[in-house]
Amino acid sequence: MSDFENVVERYLAVWNETDAAARRKRIDDLFADDVRYVDPLASVSGRDALDGLIGAVQQQFPGLTFSPGGAVDAHHDQARFTWNLGAVPGEPVVVGFDVAELGEDGRIRRVLGFLDKVPAA
């Protein structure tokens, strides 16, 4: 497993962690203090805000799981990857594409997210 595959695996595990204390520990281990996360529905800065966003997503989609949607493509300090959100096994309810950038310390410092498939309103 490449370093970036490991980072993406840990990234998805953060989004799947429903225990608040355990999720926060994972966030602190994986993300820079000043992490910035941006997607079409959210824009947050810092670990506290990211933690709140993840908790809100879990409340919106209870019982669903984030899983890899394909191979990780990475070079230098950045990686792009597709993810699925849904029941496993099963058809994903949401499909997204993220680009994660690592800082010098190996933690994620920026995530740019795109949504390719979302549920109808």
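Modeller: Begin with burial. Buried means under 20% relative accessible area, and exposed means over 50%. Keep in mind that this is a predicted model. Now take Leu50. Its relative accessibility is 2%, so Leu50 counts as buried.

Biologist: Where does Leu50 lie, and which residues does Leu50 touch?

Modeller: Leu50 lies in helix H3. Leave out residues up to four places away in sequence, and Leu50 touches Trp15, Phe31, Val35, Tyr37 and Val44. For a sense of spacing, take Leu50 and Thr18. They are 32 residues apart in sequence, and their C-alpha atoms are 14 Å apart in space.

Biologist: Next, the rings. How do I read an aromatic pair?

Modeller: A search of the whole structure finds seven aromatic pairs here. One of them joins Tyr11 and Trp15, with 6.3 Å centre to centre and 55° between the planes. That pair is tilted.

Biologist: Why is the Tyr11 and Trp15 pair called tilted?

Modeller: Planes under 30 degrees apart count as stacked and those over 60 as edge-to-face, so the 55° of this pair makes it tilted.

Biologist: How many residues separate Tyr11 and Trp15 within helix H1?

Modeller: Four, which is about one turn of the helix. Helix H1 covers residues 3–16 and holds both Tyr11 and Trp15. Now check burial again. Tyr11 has 2% relative accessibility, so Tyr11 counts as buried. Trp15 has 6%, so Trp15 counts as buried too.

Biologist: Which parts does the pair of Tyr11 and Phe31 tie together?

Modeller: First, the geometry. Tyr11 and Phe31 form a tilted pair, 6.1 Å centre to centre, with 55° between the planes. Tyr11 lies in helix H1 and Phe31 in strand E1, residues 31–39, so the pair ties together parts that are 20 residues apart in sequence. The relative accessible area of Phe31 is 1%, so Phe31 is buried.

Biologist: Which residues form the aromatic cluster?

Modeller: Tyr11, Trp15, Phe31, Tyr37, Phe66, Phe81 and Trp83 form one cluster. Go back to Leu50 for a moment. Among the residues that Leu50 touches are Trp15, Phe31 and Tyr37.

Biologist: Now the charges. How should I read a salt bridge?

Modeller: Look for a side-chain nitrogen of Lys or Arg within 4 Å of a carboxyl oxygen of Asp or Glu. A search of the whole structure finds 12 salt bridges. In one of them, Asp51 meets Arg23, with the closest N and O atoms 2.7 Å apart. This pair links distant parts of the chain, 28 residues apart. Asp51 sits in helix H3, residues 47–60, and Arg23 in helix H2, residues 20–30.

Biologist: Are Asp51 and Arg23 buried or exposed?

Modeller: Both Asp51 and Arg23 are buried. They also belong to a network of salt bridges that links Arg23, Arg24, Asp28, Asp33, Arg47, Asp48 and Asp51.

Biologist: What about Arg80 and Asp73?

Modeller: Their side chains meet in a salt bridge, 2.7 Å from N to O. Arg80 has a relative accessible area of 43%, so Arg80 is partly exposed. Asp73, at 37%, also counts as partly exposed.

Biologist: And how do I read the salt bridge of Arg110 and Glu101?

Modeller: The N to O distance is 3.0 Å. Arg110 is partly exposed at 34%. Glu101 has 14% relative accessibility, so Glu101 counts as buried.

Methods:
Residues are numbered from 1 along each chain as its sequence is written. This is a predicted model: local features need pLDDT of at least 70, side-chain atom pairs count only at pLDDT 80 or more; totals for chains, interfaces and linings use all residues. Side-chain values use heavy atoms; hydrogens and water are left out. Rings of Phe, Tyr and Trp (its six-membered ring) pair if their centres lie within 6.5 Å; planes under 30 degrees apart count as stacked, over 60 as edge-to-face and the rest as tilted. Helices (H or I, at least four residues) and strands (E, at least two) are DSSP runs, numbered from the N terminus. Buried means under 20% relative accessible area, exposed over 50%, partly exposed in between (1.4 Å probe, protein chains only). Contact means heavy atoms within 4.5 Å.
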